[in-house]
Amino acid sequence: MVTYYNRKDQVIEQHPLTRMIRPFNYADKYVIYDEGMSDPETEQLIQIRTDNPDYDAVKVLADEKVSRSGEVRKKTSDLILAGFISAVKTDKHFGSTMTDQANWTSLVVSLDALTFPVYIQDINGIPVSFANKTEVQQVFAEGFTRKATLLAQDGVLEQRIAGAETLTDLDLIVDDRV
């Protein structure tokens with residue numbers, strides 16, 4: 001069943017199509033369907049969509065690009081804020097919130113003034129010992145590399161999203177970063 005709703009979530013009309021492709025917007029209504037629409041139903045729905053003078057495929061694609069870009073940016077931010085695992089300090093997990101990043105930067109800048117060993121808390125608040133400034137620099141570099149890699153991957157995904165010419169092209173773009 002295809003159900004058309006107005007912007008106040010009131011049912012406007014229903015049609016006996018029984019499956020779903022992608023919801024699409026009209027000027028004053030939107031559509032919800034079930035999954036697994038057959039080819040004849042899909043063709044009928046596409047005809048409904050393209051015959052409607054309020055349907056703007058370019059706007060739908062642009063809106064979907066904005067949505068997908070927002071998802072990519074949020075995932076990038078979430079992955080950065082999740083921290084990084086250090087190979088130098090045997091799989092210790094360090095935070096990389098804005099405060100953590102500022103603390104790491106301050107620490108690296110003041111390395112010559114420090115007396116070693118120094119202790120830096122991992123993401124769980126457990127102190128991790130650093131014997132010398134080389135260890136601090138190496139772990140700082142790991143965190144910086146992780147962030148730079150995530151931002152570079154974000155840029156590639158954003159370019160692919162911007163270059164998509166159809167909704168199908170967008171569907172082929174997968175953000176599988178972990």
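**A hairpin, a pocket and the overall fold**

Strands S6 (residues 118-121) and S7 pair in the antiparallel sense, with 4 bridges between them; strands pair here if DSSP finds at least two bridges between them. The model is a predicted one, in which local features need pLDDT of at least 70 and side-chain atom pairs count only at pLDDT 80 or more, while totals for chains, interfaces and linings use all residues. Residues are numbered from 1 along each chain as its sequence is written, and side-chain values use heavy atoms, with hydrogens and water left out.

In this hairpin, 5 residues sit between the strands, and glycine 125 takes a positive phi near 80 degrees. Glutamine 121 has proline 127 of S7 as its bridge partner. Side chains in a regular strand alternate between the two faces of the sheet. In S7 (residues 127-130), Val128 and Phe130 make up the covered face, with Pro127 and Ser129 on the uncovered one.

Serine 129, then, belongs to strand S7. Its relative accessible area is 31%, so serine 129 counts as partly exposed (buried means under 20% relative accessible area, exposed over 50%, partly exposed in between, with a 1.4 Å probe and protein chains only). Leaving aside residues up to four places away in sequence, serine 129 touches Lys89, Pro117, Val118, Tyr119 and Glu135, where contact means heavy atoms within 4.5 Å. Valine 118 is 11 residues from serine 129 in sequence, and the two C-alpha atoms are 5.8 Å apart.

Zooming out, the protein chain has 5 helices and 7 strands, and along the sequence they run β-β-β-α-α-β-β-α-β-β-α-α. Both kinds of element are DSSP runs numbered from the N terminus: helices are H or I with at least four residues, strands E with at least two. Of the chain's 178 residues, 33% are buried. Among contacts between residues at least 6 apart in sequence, 48% join residues at least 24 apart.

Then there is the largest pocket, with about 200 Å³ of space. A pocket is an open set of points on a 1 Å grid over the protein atoms alone, where a 1.4 Å probe fits, with protein on both sides within 12 Å along at least five of seven lines; lining residues have an atom within 4 Å of a point. Grid points are joined across faces, edges and corners, and the volume is the space filled by probe spheres set on them. The lining has 17 residues, of which Ser96, Gln101, Gly143, Phe144 and Lys147 are closest to the centre. Helices H2 (57-81), H3 (98-109) and H4 (133-163) each give two or more residues to this lining, and H4 gives the most, with 7.
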